[in-house]
Amino acid sequence: MVENKEECIDNVIVIEALNNLSTTLCDQITNETTKQNCVTEIAVRKNDEKVCEAHTDAAVKDFCISLILTGKAREANDMDLCLKVPQESYRDSCFYAIVSKKASRDYCDKLGELKDKCLGIVILS
């Protein structure tokens, strides 16, 4: 019964934190996973990877930053931003999204060490 009460309180705090975009409120959540999700959701809503710095777990922080930077890079068609994405799967997805929009060998020629990977995507497109 106590768990349900704590879970209920956590859920109320999440709603309040998201409504106010406040990671400080997220810190009051007792369930660690719920707390991490709260911070990540605020970072996404603010579209600000700096919010992800509130995470103490490195893997969760990288996931959070990857979500934000991938979205920003795709929106801006910014390959340099894709390369800053910490998680490889998100970085590859970002890279693919931008290259498939550009879809030209000339574009790939400008990418240096990523040229071969780019050409592979262009050929498949």
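Contact means heavy atoms within 4.5 Å. The model is predicted, so that local features need pLDDT of at least 70 and side-chain atom pairs count only at pLDDT 80 or more, whereas totals for chains, interfaces and linings use all residues. Residues are numbered from 1 along each chain as its sequence is written, and side-chain values use heavy atoms, with hydrogens and water left out.

**Exercise 1.** Determine which residues Cys118 touches, not counting residues up to four places away in sequence.

*Solution.* Cys118 touches Phe95, Val99, Tyr107, Cys108 and Leu111, with residues up to four places away in sequence not counted.

**Exercise 2.** Describe how α4 and α6 pack.

*Solution.* Step 1: the helices (DSSP runs of H or I, at least four residues, numbered from the N terminus) pack at an angle of about 5 degrees, with their axes 9 Å apart. Axes are lines fitted to C-alpha atoms over the stretch in contact, and angles run from 0 to 180 degrees between N-to-C directions.
Step 1: α4 and α6 are therefore roughly parallel, a term for angles under 35 degrees.
Step 2: α4 contributes Phe63, Ser66, Leu67, Thr70, Ala73 and Arg74 to the contact, and α6 contributes Tyr90, Ser93, Cys94, Ala97, Ile98 and Lys101.

**Exercise 3.** Characterise the packing of α3 with α4.

*Solution.* Step 1: α3 (residues 32-46) and α4 (residues 58-76) pack at about 20 degrees, with axes 9 Å apart.
Step 1: this angle makes α3 roughly parallel to α4.
Step 2: the contact involves Gln36, Thr40, Ala43 and Val44 of α3, and Val60, Phe63, Cys64, Leu67 and Ile68 of α4.

Definitions and conventions:
Helix = DSSP H or I, 4+ residues; strand = E, 2+ residues; numbered from the N terminus. Parallel < 35°, antiparallel > 145°, perpendicular 65-115°, else oblique.
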